[in-house]
Amino acid sequence: MTAVDVTAIAKSYGKVEVLSDITTHFPEGSFTSLLGPSGSGKTTLLRIIAGFVIPDTGRVTIGERDVTRVPVWARNIGMVFQSYALFPHMSVADNVAFGLAQRGVKGEPARREVQRALDMVHLGGFGTRKPKQLSGGQQQRVALARAIVTRPSVLLLDEPLSALDRRLRQEMQVELLRIQRESGLTTIFVTHDQEEALTLSDKVAILDRGRIVQIGAPTEVYERPRTRFAAEFLGDTNFFTGTVADGRVSLRNGMRIATASPLPANGAPVTLAVRPEKITVATRDAAPEDGLTNRVEGAIIASLYSGTALTYEVDAAGQRFKIFAQNRDARPLARGDEVTLSWSPDHTVPIEDAP
Amino acid sequence: MKLAARTYILAVLIFLYLPIAVLIAMGFNESPLYQLPFSFSSHWYVELMSNRKLLNASWNSVLIAAITAVIATVLGTLAAVALSRRQFFGKEALRLLLLPPIAIPWLITGTAMLVFFYWTGIGRGFHAILIGHVALAIPYVVLVVGTGLTTIRADLEEAAMSLGAPPVKAFFRVTLPLLAPSIFGAALFAFAVSLDQFVVSYFLATPGSSTLPVEIYSAIRKGFTPEINAVCTILLLGSVSIFLLFTLFAKPGASRDRS
Ligand SMILES: Nc1ncnc2c1ncn2[C@@H]1O[C@H](COP(=O)(O)OP(=O)(O)O)[C@@H](O)[C@H]1O
Ligand SMILES: [Mg+2]
């Protein structure tokens, strides 16, 4: 149970810069996700923290200890691999006992620790089995038990759930979170699945082409994306590009949009982001809701019904809107319906990078 | 059609096995001139037991094959592991250079070794044959062990290291046990390559150090008795047992299944 820090990490393979200037603090006992598309450098960063990859520049500290030059086997980490990487020639119990043996824990004390770890992942009765006699989900739990039984300083997981089917995956997310809370291990979790990252994490770090573009609590990164990439990667977003005019943003089609966030000086170009579920769509005759002071009129051009929810596409003076609505109304809106869109300035977020 | 295919296969099998069957049978025939009618006798096996030359050559053959198997397996396994798991300078060149010797005719390899050993002062004899056989067997070991290694995921060793095992320990505790069937198969292969080897042995043998194939060859040239059949039968038995053991242990994927 220790904080982990990476400072000014950079790594290139040949001419390809895989990571550049990564500085992040992973607080003691926290659950942080490294989230990004394939090839963004998540695995490389995790393997640098683990010690499998030596960074070109920068430092890795685990607790007070600078481990940048310390090899993997002396770092006291726990790691869960995407492929589970269980030792096929050893029983489940021997797999879990492997790390204890490296630390000189043998015999009865080791047996007790192994049993405790297997109980923790609900596999108490499976110690004598061979890995291949277990299902994928069970193997993943053995891998988790093996990684935490040694009480590592940090638990590292590289897309551990991506090989599981959807239902099992959701079950394992709950399990993983429970085990992480019980053990209090500082945890770093690599995933390319934004929902998984938002569900599990205390903090989400979004990687884009070898840089952390934003790091923060799930609500923070989702509600207040700082870049177009972060906004798009975490879910659907409506973007409006215009210029600042008297505390609002003027679009080319004449729309004026208010935001609760500070804006640059008059005349500066700015892009605003609004999540599709933040926009209320109503027929023209409906009474306006309080606080939703951004209002535009338009017409439905597409309506997608999916049971619990509806996805609408709306055209308003040439600007396209995507909207998610709960399936609550007597009749879903249909193509051609005239509607009023309204949303709060609080949910209207200026993003930092160029439009 | 079916009948034709069956007849064809039968013909091939007869063509392959009949001479061997005759060879074995004649070892048990009393006549020194291979005359019929057949009359069973173990006379030639008894004679063989007092034929110092053939016995000595047999002992040399088995000893050289055993030592070759051990040395070639250790060196070849190290090479295979380095080629599949480690990064080092000249790796691709080494990978490319290790396999062609399998395709080079033994006559050429043998001549080259004879010249090279003469030139460097290694000379001929037991030690020269041994060096030659080890060199011949290593590529086969690299091939067999290398194939075995491809079935063992590299992240198993990484998992062991993440749990606190230094690389050498991770190798011995995780990769080596999984690789054992392939290594055993490779050792049998190396043993067989050495035991069957004629050309290189013939070039490098000296009077006391000749191997069984060389001795049989010179016996045949001088005129011989069914003792040769007896010794061939024993050699055949040994080779076939090794082949059976090999197919038993070095099945593709055996390293993964055998746990
Ligand atoms: N050992 C390596 N040699 C060369 N390129 C590598 C190596 N490891 C990773 N890369 C490259 O670095 C980039 C980031 O890889 P990775 O960290 O695996 O991304 P992610 O896990 O986010 O998918 C990729 O373009 C990949 O091809
Ligand atoms: Mg990855």
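I began with residues 7-28 of chain B, where the chain is 95% helix and 0% strand and the end C-alpha atoms are 30 Å apart. Helices here are DSSP runs of H or I with at least four residues, strands are runs of E with at least two, and both are numbered from the N terminus.

I noted that this is a predicted model, in which local features need pLDDT of at least 70, side-chain atom pairs count only at pLDDT 80 or more, and totals for chains, interfaces and linings use all residues. Residues are numbered from 1 along each chain as its sequence is written, chains are lettered from A and ligands numbered from 1 in the order in which they are written, and side-chain values use heavy atoms, with hydrogens and water left out.

I looked up residues 125-149 of chain B next: 96% helix, 0% strand, with end C-alpha atoms 36 Å apart. The unreviewed UniProt entry annotates "transmembrane region" on chain B, including residues 7-28 and 125-149; such annotations may be inferred rather than shown by experiment.

I then turned to ligand 1. The residues around ligand 1 (a heavy atom within 4 Å) include Tyr13(A), Val18(A), Pro37(A) and Lys42(A). Helix α1 of chain A, residues 42-50, gives the largest share of this shell, three residues.

I listed polar contacts (N or O pairs within 3.5 Å). Oxygen atoms of ligand 1 lie 2.9 Å from a side-chain N or O atom of Lys42(A), 2.6 Å from one of Thr43(A) and 2.5 Å from a polar side-chain atom of Thr44(A). Taken alone, ligand 1 exposes 560 Å², of which the protein buries 56% (Shrake-Rupley method, 1.4 Å probe).

Terms used. A polar contact is a pair of N or O atoms within 3.5 Å; within protein, one must be able to donate a hydrogen and the other to accept it, and residues adjacent in sequence count only if both atoms are side-chain atoms.
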